[in-house]
Amino acid sequence: MAWNLSGTFYENCSCTATCPCTWSNMEYPGTTERCNAALAFSIEAGEVNGTDMAGCAMALIIDSPPLMSEGGWNVGLVVDSGASDAQVEALGAVVSGELGGPPAALGPLLANFLGIERMPISITTEDGQHTVNFGDSSYTGRPHVNSSGDLVELHGIDAHPAGPVLGLAPVSTSSVSAMGISFGGEGLSGFSNRFSWKG
């Protein structure tokens, strides 16, 4: 059955600069000993197997070698506690790659699926700055704009589920600890942009 999800994506990873994994399409390693990331998705519209997904939020928590193309990823899924059981099941099927679409490309890289946890997720924006909160984790970023007020973007990204265009949104502060994966700091890599998935 065809499915689709669309909304806004917010990423924070442990790299200390714009993540080399993204602009190199995983040809270059990250800037830290392990590549840790939180990818939050605010779903504004969509349907999966007949289930309306509007209003759901989820976060992928990732731990991988610095050269992400080597595989061996540990990945967990956090789903907002306000989601119904049917929505949680649908998101699990999407993220696992079972239903095809962009997440399926991550399948060969996955070594351990850490499961699904439900907890409150909030994503707020104030004065152009967004903050993502889930459980005890939080990160704050701001999309970077040029002198004309246009979002600075990376194009030609073919190894990222929210690509092929990523909007730069450096993270000013971060403290992420979920599903046995922890990272954080100041001035870390971040992205934010619209996303549209279908399968």
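Reader: What makes S1 and strand S2 (residues 35-48) a pair, and in which sense do they run?

Author: Two strands pair if DSSP finds at least two bridges between them. S1 and S2 have 10 bridges and run in the antiparallel sense, so they count as paired by that rule. Asn-4, for one, stands opposite Glu-47 in S2. Strands are DSSP runs of E, at least two residues, and helices are runs of H or I, at least four residues; both are numbered from the N terminus. This is a predicted model: local features need pLDDT of at least 70, side-chain atom pairs count only at pLDDT 80 or more, and totals for chains, interfaces and linings use all residues. Residues are numbered from 1 along each chain as its sequence is written, and side-chain values use heavy atoms, with hydrogens and water left out.

Reader: How many bridges join S1 to strand S14 (residues 190-198)?

Author: Nine, and the two strands run antiparallel. Asn-12 has Gly-190 of S14 as its bridge partner.

Reader: Why is strand S1 (residues 4-13) called largely enclosed?

Author: Buried means under 20% relative accessible area, exposed over 50%, partly exposed in between (1.4 Å probe, protein chains only). Eight of the 10 residues of S1 are buried, so the rest of the structure largely encloses this strand.

Reader: Is Asp-63 buried or exposed?

Author: Buried, because its relative accessible area is 12%. Arg-34 has 32%, so that residue counts as partly exposed.

Reader: What makes Arg-194 and Glu-44 a salt bridge?

Author: Their side chains meet at 2.9 Å, N to O. Arg-194 lies in strand S14 and Glu-44 in strand S2, so the pair ties together parts that are 150 residues apart in sequence. Glu-44 is partly exposed, at 43%.

Reader: How many salt bridges does the structure hold?

Author: Three. Among them is the one between Arg-118 and Asp-85, at 2.8 Å, N to O. Arg-118 lies in strand S6 (residues 110-119) and Asp-85 in helix H2 (residues 85-95), so parts 33 residues apart in sequence are tied together.

Reader: Why is Asp-85 called exposed?

Author: Because its relative accessible area is 58%. Arg-118 has 39%, so that residue is partly exposed.

Key: Salt bridge = Lys/Arg side-chain N within 4 Å of Asp/Glu carboxyl O.
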